[in-house]
Amino acid sequence: MSYIVTATTGHLGRLIVEALLARGVTPAGIVATARNTEKLSTLSDIGVRTAALDYEKPESVTAIVEPGDVLMLVSGSELGQRVQQHSNVITAAKEAGVSRIVYTSAPNATTSDLLLAPEHKATEEFLVSSGVPFTILRNGWYTENYAGEVSKARQSGEIVASVGHGRVASASRADYADAAAAALLDDSLSGQTLELSGDRAWSFDELASTIGTLIGSEVAFRNLTPAEHAEMLTGFGLDEPTVAFVVGLDSNIRDGLLGETSGDLARLTGKPTTPLAVGLAPSV
Ligand SMILES: NC(=O)c1ccc[n+]([C@@H]2O[C@H](COP(=O)([O-])OP(=O)(O)OC[C@H]3O[C@@H](n4cnc5c(N)ncnc54)[C@H](OP(=O)(O)O)[C@@H]3O)[C@@H](O)[C@H]2O)c1
């Protein structure tokens, strides 16, 4: 029986492999997969098996999965394509006899107005109706999503957004990866859906002051209306769909859709989530 992890050329997939190793899985017990296996040489060098897996190619899944394997399906990054891609993987893995699929979803995916929820909702529904044992990890925001704010704040002395008083219960990718590894190793989580997020929901005033402390100079949070935000981004040359997406996500934050703190992540890993300042420190 092996643990097969998808998208291991990506940040999260790679960290999931590392977390499985840290939790005592032998390198030979893991199959790290990606579209381009040449990028996985540092994993194969330490004995992790590697294989090509493309969500667009169901045959690449059936070629790898053996009966009884547990599959970590990391959600894809190609917006608009993901329901078909994830369905391809789930169907092929089922045919090959996978024993359980762990999937990375989004907060309250089946009921949320979060802009990114619909593809996760459809994938969750497909997975549940497939009849394959599953564990759904509804990942909240990564702290690393704000890494770019550090250099912007250094230049301008401010964080600019249209989130109002909204809060974000972010955690580091390494936290979500360790939770994924814990879920892969625990068959008793079959049939469960977990809401993963950071232990504390922070405000954008706190984000600004945290970054200010990290860079050693004052940083203010400038809160715009959605219309002002859209105008500013349009002025930077962003196209209309991108502007709508960025402003829409800030509205989701203002509405509290990324601020829930269930405690599921810390319970799953057995340790507190990484504080905001610690998660942002590598970006300084
Ligand atoms: N919770 C959050 O804050 C947050 C933020 C951003 C994204 N996400 C979601 O979480 C996922 C993992 O995050 P991340 O930071 O690791 O993203 P990432 O670094 O951008 O990695 C995305 C991974 O998806 C792979 N991928 C894309 N299309 C694929 C396909 N057709 N077949 C196989 N692999 C494919 C990419 O492979 P290649 O190297 O071949 O391109 C890459 O390995 C993302 O894909 C996205 O669904 C969550």
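The exercises below work through a predicted model, with a solution after each task.

**Exercise 1. Helix H4**

Check whether the span of helix H4 agrees with its number of residues, and then describe what its buried residues pack against.

Solution. Helix H4 runs over residues 82-95 and has 14 residues, so at 1.5 Å a residue it should span 20 Å. The expected span is taken as 1.5 Å times one less than the number of residues. The end C-alpha atoms of H4 are 20 Å apart, which agrees with the expectation. The buried residues of H4 are Gln-85, His-86, Val-89, Ile-90, Ala-92 and Ala-93, and they pack against helix H3 (58-62), strand E4 (70-73), strand E5 (100-105) and helix H5 (117-130). After H4 comes Gly-97, whose phi is positive, near 90°.

**Exercise 2. Helix H10**

Carry out the span check for helix H10, and name the elements against which its buried residues pack.

Solution. With 15 residues, numbered 240-254, helix H10 should span 21 Å at 1.5 Å a residue, and its end C-alpha atoms are 21 Å apart, which agrees. Buried in H10 are Val-247, Leu-249, Asp-250, Asn-252, Ile-253 and Arg-254. These buried residues pack against strand E7 (158-161), strand E8 (167-168) and helix H9 (226-235). H10 is followed by Gly-256, which has a positive phi, near 85°.

**Exercise 3. The two domains**

Describe how domain 1 and domain 2 lie and how many residues of each are in contact with the other.

Solution. Start from the domain assignment, which gives domain 1 as 3-139 and domain 2 as 143-171 + 197-260 + 271-284. The C-alpha centres of domain 1 and domain 2 lie 29 Å apart. Turning to contacts, 5 residues of domain 1 are in contact with 8 residues of domain 2. On the side of domain 1 that touches domain 2, the residues divide into 3 nonpolar, 1 polar and 1 charged.

Methods: Residues numbered from 1 in each chain as written. Predicted model: local features only at pLDDT ≥ 70, side-chain atom pairs only at ≥ 80, totals over all residues. Helix = DSSP H or I, 4+ residues; strand = E, 2+ residues; numbered from the N terminus. Buried ≥ 20, exposed ≤ 12 C-beta atoms within 10 Å, placed from the backbone. Contact = placed C-beta atoms within 7 Å. Domains from an automatic or database assignment. Nonpolar A, V, L, I, M, F, W, Y, C, P; charged D, E, K, R; others polar.
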